[in-house]
Amino acid sequence: MAKIFIDPGHGGTDPGAVGNGLQEKNVNLQIALRVRDILLNEYDNVTVRMSRTGDQTVSLGQRTNAANSWGADYFLSIHINAGGGTGFESFIYPGVGAPTTTYRNHVHDQIINRVDFTDRGKKTANFHVLRESNMPAVLTENGFIDRAADANKLKTPSFIEALARGHAVGVARAFNLPPKSGGTTLYKVQIGAFSIRANAEAMAADARSKGFSPYIAFTGGLYKVQLGAFSVRANAEALAQQARAAGYSPIIVQE
Ligand SMILES: [Zn+2]
């Protein structure tokens with residue numbers, strides 16, 4: 001089971017870089033939540049924790065402490081750049097070798113393959129989250145918030161999706177995660193299905209506020225809000241019971 005720690009940079013009182021009507025903390029979180037959902041929804045043998053799932057203030061030390069105490073296998077930190085440049089770049093700690101270098105190559109290449117950002121290169125930096133994390137770590141800088149052309153891309157949902165998918169597929173390749181196959185029946189607890197993504201996100205946020213760990217699956221033209229996937233039906237029924245107690249009308253779907 002690969003333990004992936006996803007770190008949306010900044011948050012709360014720290015907006016990160018700002019420009020063109022965007023705050024870095026919000027874009028980082030958008031990308032990070034989708035990376036988590038894609039990993040959990042589309043791959044097996046993976047578990048995810050995040051440094052924050054909302055607009056919380058989290059110190060750099062808290063981020064690396066959380067990943068270290070969990071014993072994460074990978075630290076994935078997501079940021080947006082500023083300072084007048086344009087394009088995408090990624091960072092690892094100076095002087096580290098494999099597997100950090102190969103993991104980074106997967107993540108970097110999968111992102112660059114999916115988005116029309118200039119490739120600024122595979123770089124090194126003495127950043128806190130790279131230095132103080134006990135496991136391989138990468139930090140991505142996804143465009144420049146103060147460059148109108150980059151910011152306009154970051155305002156486009158399909159572009160955010162492509163960035164997130166690049167991160168997720170890169171992690172999946174790095175850790176050889178098996179795609180969820182039709183071979184094993186999974187019982188999924190679903191609390192809603194929507195044609196409009198924002199509606200699914202609103203329900204997911206509500207479920208999160210009630211202590212669930214929802215993710216959004218896009219299948220059959222619908223955004224489906226699901227709470228968990230189980231190979232044993234009784235486990236799905238137990239979670240569905242909790243969802244009913246919380247006011248939802250869950251159904252169990254087999255995929
Ligand atoms: Zn940042």
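I'll cover the pockets, then one arginine.

This is a predicted model, with residues numbered from 1 along each chain as its sequence is written. Local features need pLDDT of at least 70, side-chain atom pairs count only at pLDDT 80 or more, totals for chains, interfaces and linings use all residues, and side-chain values use heavy atoms, with hydrogens and water left out.

The largest pocket has a volume of about 580 Å³. Of its 28 lining residues, the closest to the centre are Arg 34, Glu 161, Arg 197, Glu 201 and Ile 216. A pocket here is an open set of points on a 1 Å grid over the protein atoms alone, where a 1.4 Å probe fits, with protein on both sides within 12 Å along at least five of seven lines; lining residues have an atom within 4 Å of a point. Helix H1 gives the largest share of that lining, ten residues. Helices are DSSP runs of H or I, at least four residues, numbered from the N terminus. Where does the largest pocket lie? Domain 1 (2-174) and domain 2 (187-254) both give residues to its lining, so it lies between them. Those bounds come from an automatic or database domain assignment.

The second largest pocket holds about 310 Å³. Its lining draws at least three residues from each of domain 1 and domain 2.

Now Arg 63. It sits in helix H2, residues 60-70. Is Arg 63 buried or exposed? Buried: relative accessible area is 2%, and the cut-off is under 20% with a 1.4 Å probe, protein chains only. Its side chain makes a 2.8 Å polar contact with that of Asp 7. That term means N or O atoms within 3.5 Å, one able to donate a hydrogen and the other to accept it; residues adjacent in sequence count only if both atoms are side-chain atoms.

How values were computed. Helix = DSSP H or I, 4+ residues; strand = E, 2+ residues; numbered from the N terminus. Buried < 20%, exposed > 50% of the residue type's maximum accessible area, 1.4 Å probe, protein only. Points joined across faces, edges and corners; volume = space filled by probe spheres on them.
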